[in-house]
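Hi everyone, thanks for making time. I'd like to walk you through a few places in one model, so please have the viewer open.

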Amino acid sequence: MTESEIVNKLARPEDLLPGVLNLLPLKKRPFFPGQILPVVLDVEQWGKTLETQSESGQDCLGVVYTGGVPADRVSREHFRSIGTVCKIHQIERNENQYHVVLAGLQRFEITDWVADTPVFAATVRYLTDLEARENDLQIKAYTTAVVNTIKELLPHNPMYGEELKMFLNHFGTGAPSRLADFGASLTTSDADELQEVLETVDLVKRMEKTLVLLQKEVEIARAQTDIREHIEAEVTQHQREMFLREQLKFIQKELGLSKDGKESEIEAFQARLAELEVPDHARKVIDGELDKFRMLDRGSPEYTITSNYLDWLTSIPWGRYGIDQLDLDAAERILDRDHEGLDEVKQRILEFIAVGRMKGGISGSILLLVGPPGVGKTSLGRSIADALGRRFYRFSLGGMRDEAEIKGHRRTYIGAMPGKFVQALRECGSSNPVVMLDEIDKIGASFRGDPASALLEVLDPEQNRDFLDHYVDVRIDLSNVLFICTANQLDTIPGPLLDRMEEIRLSGYLAVEKVAIARRHLLPRQMEKAGLKKRGHLRVDTPAIRRIAEVYAREAGVRRLEKMLGTIARKAAVSILKETPLPVHVTAGRLEEYLGQPVFSREDRITGIGVVTGLAWTALGGETLDVEALRSHEFSRGLQLTGHLGNVMKESAEIAYSYILGNTERLGVERSFFEQALIHLHVPAGATPKDGPSAGITMTSALISLASSKPVRRSLAMTGELSLTGQVLPVGGIREKVIAARRMKIRRLILPAANSRDFDELPDYIRSGLSADFVSHYEQVHALIF
């Protein structure tokens, strides 16, 4: 008695299998009983199905072929009527995918639908295979034919032998139904043909169809073998010819018949030129240099100079352009993949690509990404290059003082080289790469020249089509290059250079955005650097990441946040090697064990009489400033300023002092308070340089608070320039200042009326929970602060 007969005596499959099954669609080909295969499922689409299956306590799942319809578009109509019930052997989650190992058990037919939307479920009827009796000669004949046909496939693909061995070990030759399904699953037939085999319950007809598919597979395998043997014969012949050529070269060298190095170099130069579309003016120069090169002796000092010059001339990709990929959907996916948040910036880049698509190409464009350190300017440039399908080249202008770095050295100097832009074209191999000029706001100048002035020609669409490098000394067209510059601030960029660029501002991140960035990008990267490859090595809670962003890394960007996460990953590696139980779990309460005492305090704002919170913009993002006013003594009259203030900020303090003295009655303060005392105005922290006019109304409010002995409202911050007549003038950096206020849990803002449009253009998630009062005169400020 066979194993299958024993099982059938004990219990029938339809008695053990559930009557209602959760269903999974198969896009590529159907699943047969007896098969054991891994299946990859998307977490977002089918995670709920697997969770439902797990909660039900069943280990059986129905898989049904859906005719090539993508998983996200599958509906009830796409499911075939017959599928295979499978036992789930293993489920493993890897990031956004489930890896599931399924073993086919039995055919079933869908009789009724329980749920026709994900999670799909149906009532099923199990189809019993019509097994053959031992004396059924027809079945035995078909079984022998199928086995022999599979044996014909073995010489063509050794993998068939391994699969056949596994099948025979598991089922033997006494299971013709399983053999028919196994033979069909071996073939590369169309999915519809395989589904037809699956739907054939009658064993004789099924084995007949399987035999037809196997015969086709044998013919295909024989044809593939013939093609492979033909190619191998050609490769062998090629190798023989190459060997003979090497022998011929050696014989020619021994007889003095081989070409010298000069001829080989000339042939190499000409081979490069044959693949390029060199313009006439450049071709004329190259031909002249080649003629001169032929006349030079190898021992001449001019030989190496001319050879290097020709090498550079023929390495420039004249007339070779990459094809732009102006697909907005693909560009949006790439930007979302590489960067979290920055919705306004992404939208601006998509608009830029859309304009390029309407024009038929992107050329003559210079973008300037301005923002604090660590907000993703450089990586955003790389993502733009990926979205366009262009090669990317980056170099830093920080500290560059020699204009030869831009326009190249003249060939009269020893060790002369072309400038960075010619090097970029050569390295990228195309005339339209994306070139990033990093840190353009930190470019310098010296006795060697002014690189910023040299960039004027490069970054002008009207001039760079005839860019002249001192070394190459041939006009080069840079008008198809996309230039992307980055800067932390605009003050140090020369006006004529700034006028040539299209500015895109990147502001700082909110704590919520930092948590998302850390979870998706920073933490996985730091874990990989620390060798924590398994997901079970380190677990950092979301509240812990939020606390790191708030009290350890409160800057606008995410560089310090990444450093903190790197510290945690390294210390977790030490703990793992000391055999600490896995995973290493980092909670908000344990952060001090890993990172020490917090750098920032949640309650570090100063309050009281004479203290007002202002908002400031710096190159590192928005900040809050607590302006303090104190009546020092009555020995003399005047105003003393401290806090490392710049000239403009000192003038703002003097304007505030003069405005109050001229309007004491309207402001409700005693004039004698200022006439008989020295007033000290301080802006912490003293070691940090500060400048700008935006603290005008803040200083005025601090002085009035001191004179009236009234503290200003709590959770209030302000910014705005003050004139002598009390007008509140507009200021810059509203987005950064609002983000700084949110970071400090400030809920009410006073802003210049002229900046109301800047506030209204901010995304809803930044303005949410904030109230802003817009003022045009200081009397309005005075009415709001007490």
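Before we start, one term: when I say two residues touch, I mean that they have heavy atoms within 4.5 Å of each other. And please keep in mind that this is a predicted model.

Let's begin at Asp466, which sits in the loop between helix 17 (451–458) and strand 10 (467–468). Leaving aside residues up to four places away in sequence, which residues does Asp466 touch? They are Glu457, Arg475 and Ile476. Asp466 has a relative accessible area of 42%, so we call this residue partly exposed, a class that runs between 20% and 50%. If you want a distance to check on screen, the C-alpha atoms of Asp466 and Val345 are separated by 32 Å, and these two residues are 121 apart along the chain.

Now for a contrast in setting, go to Gln195 in helix 7 (residues 191–199). Is Gln195 buried or exposed? Its relative accessible area is 1%, so Gln195 is buried. Its contacts, again without residues up to four places away in sequence, are Pro30, Tyr65, Arg80 and Ile82.

Last stop, helix 21, residues 559–577. Just past the helix, Glu579 adopts a positive phi of about 65 degrees.

Key:
Residues are numbered from 1 along each chain as its sequence is written. This is a predicted model: local features need pLDDT of at least 70, side-chain atom pairs count only at pLDDT 80 or more; totals for chains, interfaces and linings use all residues. Side-chain values use heavy atoms; hydrogens and water are left out. Helices (H or I, at least four residues) and strands (E, at least two) are DSSP runs, numbered from the N terminus. Buried means under 20% relative accessible area, exposed over 50%, partly exposed in between (1.4 Å probe, protein chains only). The expected span of a helix is 1.5 Å times one less than its number of residues.
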